[in-house]
Amino acid sequence: MYSEMLRLDGRKALVTGGSRGIGYECARALGQMGARVVLSARGEEEGREAAERLSGEGLDATFVAADLTAADGPARLVNAAAEALGGLDILVNNAGVARHKASLDVDRALWDEVIDTNLTSLFLCCQAAIPLMTEAGGGSIVNVGSISGFISNIPQHQAAYNASKAGVHMVTKSLAGEFVERNIRVNAVAPGYIETAMTKGGLEDPDWAKIWNGMTPMGRPGKPSEVASMVLFLASDAASYMTGSIVTIDGGYTLR
């Protein structure tokens, strides 16, 4: 019974920012449970290679290039994915950027880049996906937030990133309440420090790594697969009574 609840056979899924890191492992996890997956990213070469690797594992994965910061980018991506898959049941909003800079040095361009990528495009992807999920009788949206939506990280300065992720959490809760009657569940994960390209510089900096790992009770960064397993759970029927939840995956960082 319980293994069947995690199965996604016949489900159609879109994962943004799916060419590497957390997004890639999310696409992999969904595919291994039977979903047909479209993964997207800006970089065509990297994205196509990622889809080919998943296909080489026997998964049903294709790639669609997308610039989510373009005005019509989110809607075009969602519609292209739905056309390729024949509908849409699952949306994983993972695409994001982080910029570390002292707040008084943050210009409008940097602020807009982070907010547009991490928050505005996520909302617009949801906005485009919800009518398609409504037609299908329901669906599941999983947004990738961050512990930075709860706390202000140290030693790096990243006001724009923190604000964007706090926004992701509230968008998640807002959409969950608004569309629950359409059988659409909206949840989010809030990862801590995970071994990805985004955190590589910090984890390789001995001063930063000492603080990051020292403040994490488990004493280590997480792995993308440790986030993807929760995304899989939230996307599946195993989480059928969950909506509006923000699940923290941080090795205990936010315990104190």
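View 1. Of its 18 lining residues, G139, S140, N183, R185 and D237 are closest to the centre. The elements giving two or more residues to this lining are β5 (139-144) and β6 (184-191). The lining of the second largest pocket comprises six nonpolar, eight polar and four charged residues. A pocket is an open set of points on a 1 Å grid over the protein atoms alone, where a 1.4 Å probe fits, with protein on both sides within 12 Å along at least five of seven lines; lining residues have an atom within 4 Å of a point. Volume is the space filled by probe spheres set on the points, which are joined across faces, edges and corners. Ala, Val, Leu, Ile, Met, Phe, Trp, Tyr, Cys and Pro count as nonpolar, Asp, Glu, Lys and Arg as charged, and the others, Gly among them, as polar.

The model is predicted: local features need pLDDT of at least 70 and side-chain atom pairs count only at pLDDT 80 or more, while totals for chains, interfaces and linings use all residues. Residues are numbered from 1 along each chain as its sequence is written, and side-chain values use heavy atoms, with hydrogens and water left out.

**View 2. The largest pocket holds about 890 Å³ of space.** Its lining has 41 residues, with N94, A95, G96, V97 and M198 nearest the centre. Two or more lining residues come from each of α2, β2 (36-41) and α6 (159-179); α2 gives the most, with three. By class, the lining of the largest pocket has 16 nonpolar, 20 polar and five charged residues. Helices (H or I, at least four residues) and strands (E, at least two) are DSSP runs, numbered from the N terminus.

**View 3. Helices α2 (residues 21-32) and α9 (residues 224-235) pack at about 50°, with axes 8 Å apart.** Axes are lines fitted to C-alpha atoms over the stretch in contact, and angles run from 0 to 180 degrees between N-to-C directions. G21, I22, E25, C26, A29 and L30 of α2 touch P224, S225, V227, A228, V231, L232 and A235 of α9 (heavy atoms within 4.5 Å). These contact residues divide into 10 nonpolar, two polar and one charged.

**View 4. Helices α4 (residues 73-85) and α5 (residues 108-136) pack at about 40°, with axes 8 Å apart.** α4 and α5 are therefore oblique to each other. P74, A75, V78, N79 and A82 in α4 meet S121, L124, C125, A128, A129 and L132 in α5. The contact of α4 with α5 has nine nonpolar, two polar and no charged residues.

Key. Angles under 35 degrees count as roughly parallel, over 145 as roughly antiparallel, 65 to 115 as roughly perpendicular and the rest as oblique.
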